[in-house]
Amino acid sequence: MSIHSIGSTTSKVEYTEVNSFGGNIESTDDLAGRARTQATTISLDPHDTQLLNQYCRKVDLRILSYAILLCILNQSDRGSIGVAKLVGLESDLHMVKNDFNIATTLFTVGYLSLEMFSNFLLKRVGASRLLPTLGVLWGLVCALQGVIQTKTQLFVMRILLGMAECGFTAGILLILSFFYPKHKLTTRTGLFYLSSPLANVVSGPLASALSHIHHPYIKRWQWVFIIEGAITILVALLGYYILQDHPEKCRFLSEEEKRFIVKYKRRDGTLGGSQHLSFSDTRRALSDWQLWCMTFATFALCAACSSVSVFAPEVINDLGFTSAQAQAMSALPSACGAVAILLAGRTVRVCGSHWLACSLALLTALVGSVLMVATLNVPVRILGLCLLGTGGFSGLGTSPGWNITANSQTVANSAVAAAMTVFMGSASGFVASNVFLNSDAPRFVIGHTVNVGLMALGIMACVVTRLSMGRRNKRFARQPPEFDNGFRFVY
């Protein structure tokens, strides 16, 4: 293995691999790095290339596959309240006016209350113990929502559900950054976020089927919570045997693979699994305004996704469809989003940059929101929902991986970027939970107008981030060679 500067005549292997999920995965980070003057690249001989692909296949099949499955259940558990609303939750709990919006907002309150400290706990406890424990806890809370009797109990359970789920997504993102080289990370992060629209595709029809269960004492909306929570607990328990803390001590890797990936990631500048994460380094990373700016784009994209995940069944129901039809049709915007995530790498490749791909995703969601607010025509509004899902989820296939990859100069920057990505995405729940009001049905002018504004601001954030990264890269290039560590922002 050797490291050389761009422009060297040394031959190198281009990274195009066949991933464990089928089909070709091309490195979007490698492309963007070449297009945007990344300072150094790593060359591999054929043996090392084979070893790297073998290593990635193992991590794909074990850690990434399990993370996707557990995240599907995570998204399904938090979004099941939207389906429960359609099958009697509000009437049985005597909820009035904006009580449902309060319940969805309280989930975000609980989630954000501990989110910023989750990665410190992850580093101390270890992913193999903490993440499965979180899965068991939120599965238990989800199931307990099926035995509540009052709206106050629902409010408490939503706070507890948010607290139980906080740390999971940021923890998975951090673990992926520990295991995968930089040029592989964006693609894998996009595959992980594929679980979000897949959860909506699966949970809509599943919840519709569960809501048809008739029992003399257990109501239809209660079955939705109980069964989904029980499934999560069973899957989460498997995590104690599947998840690993970092590649240096990974049980399913051979000694040769461990030595190779540690050496590779050290030269890649992304070996962070066993490094110390201090509060001073974290404060320094948090003080960078550029990180806040680029993660605001994630905030806007997640607001679009939340609108689809939680409120699509209600929006479709108010178009004149029955509850069962609305539950099943709510899978359509998410299905479009799932396809968009799978094509996110190609979008980055065509655009030649991450910031432009994110801007295009935001523009697509903006057009969808405009269509939703402009008319009550059913086909047009369904198209608008699909565009909203396509844009929002397409951005999730690009933005989170870009946030982490572009801020990978230290383990603190990677950890803070992962936590900030999830924090900003979760904070967007405050918006989605409070702008789609029952009194505003069926057009939901306030909600869709707010989405239009957020998407426009997100596009501006991408442009500002691009300009800032360009200036900083030029400043790095002017440094004396002895002070230049080779890091450049990938945009």
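Predicted model: local features only at pLDDT ≥ 70, side-chain atom pairs only at ≥ 80, totals over all residues.
Biologist: How many salt bridges does a search of the whole structure find?

Modeller: A salt bridge is a side-chain nitrogen of Lys or Arg within 4 Å of a carboxyl oxygen of Asp or Glu. The search finds six. One of them joins glutamate 257 to lysine 58, with the closest N and O atoms 3.0 Å apart. Glutamate 257 lies in helix H12 and lysine 58 in helix H2 (residues 46-86), so the pair ties together parts 199 residues apart in sequence. Helices here are DSSP runs (H or I, at least four residues), numbered from the N terminus.

Biologist: Which residue forms a salt bridge with arginine 188?

Modeller: Aspartate 60 does, with the closest N and O atoms 2.9 Å apart. Arginine 188 lies in helix H9 (residues 182-193) and aspartate 60 in helix H2, so this pair ties together parts 128 residues apart in sequence. Arginine 188 is buried, with a relative accessible area of 1%. Aspartate 60 is buried too, at 0%.

Biologist: Where do arginine 78 and glutamate 165 lie?

Modeller: Their side chains meet in a salt bridge (2.9 Å, N to O). Arginine 78 lies in helix H2 and glutamate 165 in helix H7, so parts 87 residues apart in sequence are tied together. Both residues are buried.

Biologist: Now the rings. How many aromatic pairs does the structure hold?

Modeller: Rings of Phe, Tyr and Trp (its six-membered ring) pair if their centres lie within 6.5 Å; planes under 30 degrees apart count as stacked, over 60 as edge-to-face and the rest as tilted. The structure holds seven such pairs. Among them are tryptophan 138 and phenylalanine 168.

Biologist: Why is the pair of tryptophan 138 and phenylalanine 168 classed as it is?

Modeller: The ring centres are 5.1 Å apart and the planes are at 65°, so the pair is edge-to-face. It links distant parts of the chain: tryptophan 138 is in helix H6 (residues 127-144) and phenylalanine 168 in helix H8 (residues 168-179), 30 residues apart. Both are buried.

Biologist: What class is the pair of phenylalanine 260 and tyrosine 264?

Modeller: Tilted: 5.8 Å centre to centre, with 40° between the planes. Both residues lie in helix H12 (residues 255-268), four residues apart, about one turn of the helix. Phenylalanine 260 and tyrosine 264 are each buried.

Biologist: Which ring does the charged end of lysine 85 sit over?

Modeller: A charge sits over a ring if NZ of Lys or CZ of Arg is within 6 Å of the ring centre and within 35 degrees of the ring normal. Here the ring is that of phenylalanine 100, and the charged end of lysine 85 is 4.3 Å from its centre.

Biologist: How many disulfides are counted?

Modeller: A disulfide is a covalent bond between the sulfur atoms of two cysteines. The test is a pair of cysteine sulfur atoms within 2.5 Å. By this rule the count is zero. Cysteine 56 is buried, at 0% relative accessible area. Cysteine 166 also counts as buried, at 6%.

Biologist: What stands out in the backbone at histidine 94?

Modeller: Most residues other than glycine have a negative phi. Histidine 94 is not a glycine, yet its phi is positive, about 55°. It is found in the loop between helix H3 (89-92) and helix H4 (99-115). Histidine 94 counts as exposed, at 61% relative accessibility.

Biologist: How far apart are isoleucine 459 and alanine 297 in sequence and in space?

Modeller: They are 162 residues apart in sequence and 7.0 Å apart in space, C-alpha to C-alpha. Isoleucine 459 is found in helix H22 (residues 445-477). Isoleucine 459 is partly exposed, with a relative accessible area of 22%.

Key: Residues numbered from 1 in each chain as written. Heavy atoms only, no water. Helix = DSSP H or I, 4+ residues; strand = E, 2+ residues; numbered from the N terminus. Buried < 20%, exposed > 50% of the residue type's maximum accessible area, 1.4 Å probe, protein only.
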